[in-house]
Amino acid sequence: MATRAPKPPATQAAFVLHHYDWSETSLVLDLFSREHGRLAVVAKGAKRPYSQLRSVLLPFLRLQVTLSKPSKMNEDGAAEVQSLRGAEWVGGQTLPSGAALFSGYYVNELLLKFLPRQEAQPELFDAYAALLPQLTSVDDAHAALRAFELKMLAICGLLPDLSVLSTTQAPLDPERLYMLAPESGVVVPAHDAPQSTGFTGLTGQAFIQLQAALLHGSQAALHQACELAGPALKPLSRALLHYHLGHRPLRTRQVLLDVQKLLT
């Protein structure tokens, strides 16, 4: 009886979020894969001059990767580090430049900070893949970033219902201004908030549209809702992100601020 040939290892779509040296010739990669979420992977020999991996193991390139079976398990029985057996760029988005490059690294750092390892997030993976080309457009980048931030927070269970008052669960008045308090959710601002705290708020209608787009699941609808919300959405989403980051500041954000100071 003929023996059955072993099945070749399956490939999966992935992006490189971050990498660091493992030895003189190898790298440890933090991959964001569609099927398995965030993975730690060893790319042996990737730093050698003749390695075919050198030109493809770069951030923001959509890859098809082949991984070995995990050889090590942690205390919870979950696989820790796998070896990269192959990687191929499938075309499309190339490396961004300028402000888009900073934005890309900012988003990568968000994923590194917020996503646990080995937890598949196909919806967020697709949103990330759709976001990268938009970062190169001045008109689309700001709304695209806000849409991704909200999508990520919602998927991670860190975004409150934006269509109701968090304290009473009462529906929002579309014409009234509200603020998003990081520790509680959508609230009515205090009477002296604009003068004393630099209050930036959104109308109830804007919050309702954002929540509807999140529930609908369409990234295009969420992008449009973020555009309609305007610049006032940025400080609200950033405050929420910083609240949940706690004492883990974003390094890319600080680097961008330092560069802007040097240029002014």
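Two strands are taken to pair if DSSP finds at least two bridges between them. Helices (H or I, at least four residues) and strands (E, at least two) are DSSP runs numbered from the N terminus. The structure is a predicted model, in which local features need pLDDT of at least 70 and side-chain atom pairs count only at pLDDT 80 or more, while totals for chains, interfaces and linings use all residues. Residues are numbered from 1 along each chain as its sequence is written, and side-chain values use heavy atoms, with hydrogens and water left out.

The mean pLDDT (the predictor's confidence in each residue, from 0 to 100) of the chain is 85, and 84% of its residues reach 70 or more. Over residues 1-8 the pLDDT is below 50, and this stretch has 0 contacts (heavy atoms within 4.5 Å) beyond near neighbours in sequence. Residues 258-264 also have pLDDT under 50, with 1 contact beyond four places in sequence. Where pLDDT is low, the predicted coordinates should not be read in detail.

A barrel is closed by 5 strands in the order β1-β2-β3-β5-β4, with mixed pairing. From one strand to the next, the twist averages 55°; axes are lines fitted to C-alpha atoms, for helices over the stretch in contact, and angles run from 0 to 180 degrees between N-to-C directions. Strands β1 and β2 form a hairpin with 5 residues between them. Their pairing is antiparallel and spans 7 bridges, and Phe15 stands opposite Phe32 in β2. Strand β1 is also paired with β4 in the antiparallel sense, over 4 bridges; here Thr11 stands opposite Thr66 in β4. Strand β4 (residues 63-67) is in turn joined by 5 bridges to the antiparallel strand β5 (residues 81-89), where Ala87 is the residue opposite Val65.

Helix α1 (residues 99-114) lies across β1 (11-21), β2 (27-33) and β3 (37-43), and runs at about 95° to β1. Helix α2 (residues 122-134) packs on the sheet and touches β1 and β2, its direction making about 70° with that of β1.

An open sheet is formed by 3 strands in the order β7-β6-β8, with antiparallel pairing. Its edge strands are β7 (185-187) and β8 (202-203), each of which pairs on one side only. Strand β6 (residues 177-181) pairs with β8 over 2 bridges in the antiparallel sense, and Leu177 stands opposite Thr203 in β8.
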